[in-house]
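The briefing below is intended for a reader who has the coordinates open and wishes to follow the description alongside them. It begins with the chain as a whole and then turns to individual positions.

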Amino acid sequence: QVTLTFSLSANLESLFTWNTKQVFAFVTAEYETAKNSLNQVSLWDSIIPDKDQANVQVEVKSKYPLIDQGTSLRGKKVQLVLHWHIMPNA
C-alpha cells in the first residue's frame with residue numbers, strides 16, 4: 001500500500017465551451033503486471049464546476065491509497081496520468 005503526495009498544475013479552461021456544465025478531473029496511477037497490461041488506480045478526483053476554477057494548482061495527499069493485491073506492484077514503474085470527462089449541459 002502506498003500513500004503519496006504530489007503537485008498538480010493544469011489549465012483546463014479550454015475544456016469549457018457554451019455546452020460544458022462541469023468537468024470531472026481525476027489522477028490515476030497506471031502500471032503493468034503479468035496478468036494485466038493496464039492497471040489503473042484512482043488517487044485523486046475533483047469536480048470543476050466552471051471556467052473560473054479550471055486553472056488547477058494543488059498539492060494533494062492522495063485521497064485514495066495505491067493498493068495492489070499481492071506483491072505484483074513491487075518494483076514496477078508507475079505513471080501518474082491526469083484524465084477528465086466533460087459533462088455537457090444537455
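In this predicted model, 34% of the 90 residues of the chain count as buried. The chain exposes about 6,200 Å², and carbon and sulfur atoms supply 48% of that area.

**Fold and overall dimensions**

- The chain has 5 strands and 0 helices, and reading along the sequence gives the pattern β-β-β-β-β.
- The radius of gyration of the chain is 15 Å, whereas a compact globule of 90 residues would have a value near 12 Å.
- Taken along the principal axes, the box filled by the C-alpha atoms of the chain is roughly 45 × 25 × 15 Å.
- Among the contacts in the chain with a separation of 6 or more, 70% are accounted for by residues 24 or more positions apart.

**Asparagine 39, in strand S3**

- Asparagine 39 has its place in strand S3, and this residue counts as buried because its relative accessible area of 13% falls under the 20% cut-off.
- The side chain of asparagine 39 makes a polar contact with the side chain of threonine 33 at 3.3 Å, and another with the side chain of asparagine 36 at 3.4 Å.

**Lysine 35, in a loop**

- Lysine 35 lies in the loop that joins strand S2 (20–31) to strand S3 (39–48), and lysine 35 counts as exposed because its relative accessibility of 79% is over the 50% cut-off.
- Although lysine 35 and serine 46 are 11 residues apart in sequence, their C-alpha atoms are 30 Å apart in space.

**Isoleucine 86, in strand S5**

- Isoleucine 86 is found in strand S5, which comprises residues 79–88, and isoleucine 86 is classed as partly exposed because its relative accessible area of 42% lies between the 20% and 50% cut-offs.
- Leaving aside neighbours within four places in sequence, isoleucine 86 is in contact with Leu15, Thr20, Gln22 and Val23.
- Isoleucine 86 and serine 46 are 40 residues apart along the chain, and the separation of their C-alpha atoms is 12 Å.

Notes: Residues numbered from 1 in each chain as written. Predicted model: local features only at pLDDT ≥ 70, side-chain atom pairs only at ≥ 80, totals over all residues. Heavy atoms only, no water. Helix = DSSP H or I, 4+ residues; strand = E, 2+ residues; numbered from the N terminus. Rg over C-alpha atoms; globule rule 2.2 N^0.38 Å. Buried < 20%, exposed > 50% of the residue type's maximum accessible area, 1.4 Å probe, protein only. Contact = heavy atoms within 4.5 Å. Areas by Shrake-Rupley, 256 points an atom, 1.4 Å probe, with all protein chains shown as cover. Polar contact = N/O pair within 3.5 Å; in protein donor to acceptor, adjacent residues only side chain to side chain.
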